[in-house]
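Here is a short report on one protein model.

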Amino acid sequence: MKVVFAGTPEFAAVALRELIAAGFEIPLVLTQPDRPAGRGMQLQASPVKQLALEHGIEVLQPLSLRMDSKDPQRALEAAAAHERLQGLDYDVMVVAAYGLILPRSTLDIAPCINIHGSLLPRWRGAAPIHRAIESGDVETGVTIMGMEEGLDTGPMMLIERVAIEDGDTTGSLHDKLAALGGTMIVEALRRMERGELTSTPQPEEGVTYAAKISKDEAKLDFALPAIALWRKVRAFNPFPAAQGMVNGTAIKIWKAELADYQGNAAPGTVLSADAQGGIVVACGEGALRLLELQKPGGKRLAAAEFLKGFPLAGLRFE
């Protein structure tokens, strides 16, 4: 089979790598335009583009695939990409975390299959891994689905479940789901080649939406229960990183755990801050023990090391 691949971040690159290793012919890759990144804000190619170029695969990076865009440049690039796709001999388009909406004109050229990091219909949308952890889900998974114009509303073809462990962060769960997605998309295409790939409509019940993560969400409100903050710390690692404010300084909190506390101190009060007891902060319900922190311009440090340069005893998180 000839496969056009559309994706951008590492989650997608893992799947592309598996398709290449499985021997599928990939004549074209679509990925988002290069973006400024790093301290110098130099333009950086996406992981998918880097991998495609390593294997000599043609890459297109349109700003949009909507030919009816009101932005002339976007409309022009979309038309050029559409013309290239129409003139290309391919059997299926595989999409994974591409970041652009595929309009009907693209979906009509050839079948489109999506690798989605949740157990659909739960967590349709942009940030399914973050939201699953933040909401306290005990499991998630990967769904291989057919694509249509609705947001992740297409029929389900394959689905596999993964337990969410207490130690999982978005980073660790991302890696598990990316690897699983790569294996599953190869299996889906093998079944398609044999004419054995079937699909099932998504149930109407249980639909939730995983809104895109904003940096403002990273600011922790210690009036919330400790369990909710613990989930947020895990969900926002590695991006955008949970933050607590102390005397106007934003401290990133990379790792935490629930602490045994039954008192009624004001939320945000630092209950202990020493090498023995660690950094324990009162919450609206219970308390949170902070295990790994980072001050502005500093490195990520274990709590005991962090306290050597940033004492917290007697202070309060705002």
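## Helix packing

Helices α1 and α6 cross in a right-handed sense. A crossing is left-handed if the near helix is turned anticlockwise from the far one by less than a right angle, and right-handed if clockwise. The model is predicted: local features need pLDDT of at least 70, side-chain atom pairs count only at pLDDT 80 or more, and totals for chains, interfaces and linings use all residues. Residues are numbered from 1 along each chain as its sequence is written, and side-chain values use heavy atoms, leaving out hydrogens and water.

Two packed helices are described by the angle between their axes and the distance between the axes. For α1 (residues 10–21) and α6, the angle is about 35 degrees and the axes are 8 Å apart. Axes here are lines fitted to C-alpha atoms, for helices over the stretch in contact, and angles run from 0 to 180 degrees between N-to-C directions. On the α1 side, the residues that meet α6 are E10, F11, V14, A15, E18 and L19. Their partners in α6 include H174, L177, G182, I185 and L189. Contact means heavy atoms within 4.5 Å.

## Overall make-up

The protein has eight helices and 17 strands. Both are DSSP runs, numbered from the N terminus: helices are H or I with at least four residues, strands are E with at least two. Its C-alpha trace spans about 70 × 45 × 40 Å along the principal axes. Of the 318 residues, 46% are buried. Buried means under 20% relative accessible area, exposed over 50%, and partly exposed in between (1.4 Å probe, protein chains only). Among contacts between residues at least 6 apart in sequence, 64% join residues at least 24 apart.

Residues 1–189 are 35% helix and 26% strand, with end C-alpha atoms 8 Å apart. Residues 212–310 are 17% helix and 36% strand, and their end C-alpha atoms lie 33 Å apart.

## Cores

Which residues have the most contacts inside the largest nonpolar core? They are F5, L19, V29, I115, I144 and I185, in a core of 45 residues. Helix α6 (residues 170–193) gives the largest share of this core, eight residues. A second, separate core has 25 residues, including L220, L229, I251 and I279. A nonpolar core is a set of buried Ala, Val, Leu, Ile, Met, Phe, Trp, Tyr and Cys residues joined through side-chain atoms within 4.5 Å.

I185 touches A15, L19, V94, I113, I115 and I144, leaving aside neighbours within four places in sequence.

Helix α7 is largely enclosed by the rest of the structure, because seven of its 10 residues are buried. These are A226, L229, W230, K232, V233, R234 and A235. They pack against α5 (128–134), α6, β12, β13 (249–259) and β16 (287–294).

T106 sits in helix α4 (residues 104–107). This residue is buried, at 1% relative accessible area. Beyond neighbours within four places in sequence, T106 contacts L65, H82, L85, M93 and C112. C112 is also buried, at 7% relative accessibility. C283 is buried at 5%. The structure holds zero disulfides, a disulfide being a pair of cysteine sulfur atoms within 2.5 Å.

## Backbone features

| Feature | Residues | Value |
|---|---|---|
| cis peptide bond | L120 and P121 | omega about 10 degrees |
| cis peptide bond | N237 and P238 | omega about 20 degrees |
| positive phi, not glycine | W123 | phi about 65 degrees |
| positive phi, not glycine | A241 | phi near 80 degrees |

P121 lies in the loop between β7 (112–116) and β8 (124–125). W123 is in the loop between β7 and β8, and W123 is buried at 8% relative accessibility. P238 belongs to the loop between α7 (226–235) and β12 (242–246). A241 is placed in the loop between α7 and β12. At 2% relative accessibility, A241 is buried too.
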